[in-house]
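Welcome, and thanks for taking a look at this one with us. Have the sequence and the model open side by side as you read.

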Amino acid sequence: MKNTYYITTPIYYVNDLPHIGHAYTTLSCDILARFKRLDDFDVFFLTGTDEHGQKVETAANNKNVKPHDFVDEVSQNFKNLLNCMNFSTDDFIRTTEKRHIKSCHKIWNALIDNGHIYLGKYAGWYAVRDEAFFLESELIDGKAPSGAPVEWVEEPSYFFNLSKWQDELLSFYDENKDFISPISRRNEILSFVKGGLKDLSVSRTSFSWGVNVPNDDNHIMYVWLDALTNYLSACNYSEDDKKDFFSKYWPANIHMVGKDIIRFHAVYWPAFLMAAKLPLPKKIFAHGWWTNEGNKISKSLGNVINPFEIVEKYGIDQVRYFLMREVPFGNDGDFSNSQLVNRVNSDLANSYGNLFQRVVSMICKNCDEEVPLKPKNFKIEDLILINSIKDHIDDYRFLIDNQKFDQYLKNIWITISNANKYVDEQAPWSLKKSDFSRMEDVLYILLETVRQVSILLQPFMPVSSKAILDHLKIADDERDFKSLGKMYEGGINISTPLPLFPRIN
Ligand code: MSP
């Protein structure tokens, strides 16, 4: 049986249009999911939309439509993003679906049955934009730490006994050093939990757009308890006849989130799960935030980056490559059009694209459009080049398991640049007269390098790597990582390709 790999994106609030932040989180998951599939894992990749809560209710009211109609319409924008960025998700969950509401009820009942929820009264600050409660002492200049406005809330509320989970959480973090990544986020969470936890209000009564609390129609569930539960709903937590699916995929291998929502995932979520007696996810990774040409991205500044527009302008793989190569994953990054153009021109057009184009053109011109056969003997410089990928797949696995996407790409580009140097050093154009068979070997080595590079690039650049592998007539079942070591046979007909990454001026 294959190893399983369950990966989730946060579910996105539907009151906003999809922006670069959403695209970035899902992109990182898409790369992990695609890599794992190629590495023979049974992958379940989930995304979806967070459709309840005060923020969404207000957005619907402002449009004068019923929340139900509103969410039906706007969740589609997030489905459209999947096609636009070529995301390979396996399921899309909406928190207004029946399967989700059932699983919210199930976890609520488990928390009640295990004695972790009690009825009380909440009096404190609430930030609708963050959908989060704050103590007076947490406010900065009368606002939430994120800058979101707060309002005073006083209402009957059910509470989850979060304060009782401090020690258990701390020992869990201690025993599972990788649970929160990167390390800076882990430290942030450790000091937050060490500072003491307050019981958490988990229901609201002052509005109605949410999942009803079982046996108390005056309350709806706090939107974060509702939202986090999506990770269980999608693997059939509440479907008694589909228990196999649940036990197959749960616990998740990784919940990918942005740094702003780490506390919900690394503190509240594990506490809820422990209290419900469910296994905990293996890892929470919090990535950084993008700015736009040096400025914070915000609707009021009007500088929100629309993923549909940049994909249209630069191309899917170009955008995917830039986002993953530009910034070490986990750090904040700045989106700059000129930097994107530089990367496309230098790394994609001049290096990778040019290598492919150049080698195939030479084969077409000098070898009668037929790829030379696998050489009988290799020179040391040939082996250095073709072994630099296939002998290092474990390094790439390590980089993927540690979300070091930029390093993965940097390593591949070392091979690409060595391949371009090899072309210059071996000078196949002069071998043509002096040693035709060596020229054939050199061209073969180069194409074999392109094949390996393109196999490894599939998770990042699915469109162009597919085009290259198609061009080399590599069968669909010979594109996984097991096929890296099985060298290209050669001997096939090939034609001159069109440039894959046209230079941008
Ligand atoms: N609905 C909650 C998540 C619930 S998960 C159980 C939510 N939704 S969100 O739509 O506001 O945000 C989703 C993701 O987008 C977050 O991971 C957030 O970090 C990310 N980003 C929002 N703006 C961003 C940037 N400017 N840059 C990078 N990512 C950013 O939170």
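This is a predicted model: local features need pLDDT of at least 70, side-chain atom pairs count only at pLDDT 80 or more; totals for chains, interfaces and linings use all residues.

The largest nonpolar core has 106 residues, and Y408, W413 and L446 have the most contacts inside it. Helix α13 (residues 337–366) gives the largest share of this core, with 13 residues.

| Residue | Residues touched |
|---|---|
| W413 | Y321, D347, L348, S351, Y352, L457 and M461 |
| R451 | L469, L472, I474, S483, L484, K486, M487 and Y488 |

R451 belongs to helix α18 (residues 436–457). Is R451 buried or exposed? With a relative accessible area of 2%, R451 falls under the 20% cut-off and therefore counts as buried. A polar atom of the R451 side chain lies 3.0 Å from the backbone oxygen of S483, a residue that R451 also touches.

Now for the helix pair. The axes of helix α11 (residues 307–314) and helix α12 (residues 316–326) come within 7 Å and cross at roughly 115 degrees, so α11 is roughly perpendicular to α12. On the α11 side, the contact is made by I310, V311 and Y314, and on the α12 side by I316, Q318 and V319. Sorted by class, this contact has 5 nonpolar residues, 1 polar residue and no charged ones.

Notes: Residues are numbered from 1 along each chain as its sequence is written. Side-chain values use heavy atoms; hydrogens and water are left out. A nonpolar core is a set of buried Ala, Val, Leu, Ile, Met, Phe, Trp, Tyr and Cys residues joined through side-chain atoms within 4.5 Å. Buried means under 20% relative accessible area, exposed over 50%, partly exposed in between (1.4 Å probe, protein chains only). Helices (H or I, at least four residues) and strands (E, at least two) are DSSP runs, numbered from the N terminus. Contact means heavy atoms within 4.5 Å. A polar contact is a pair of N or O atoms within 3.5 Å; within protein, one must be able to donate a hydrogen and the other to accept it, and residues adjacent in sequence count only if both atoms are side-chain atoms. Axes are lines fitted to C-alpha atoms, for helices over the stretch in contact, and angles run from 0 to 180 degrees between N-to-C directions. Angles under 35 degrees count as roughly parallel, over 145 as roughly antiparallel, 65 to 115 as roughly perpendicular and the rest as oblique. Ala, Val, Leu, Ile, Met, Phe, Trp, Tyr, Cys and Pro count as nonpolar, Asp, Glu, Lys and Arg as charged, and the others, Gly among them, as polar. Lists of a residue's contacts leave out its neighbours within four places in sequence.
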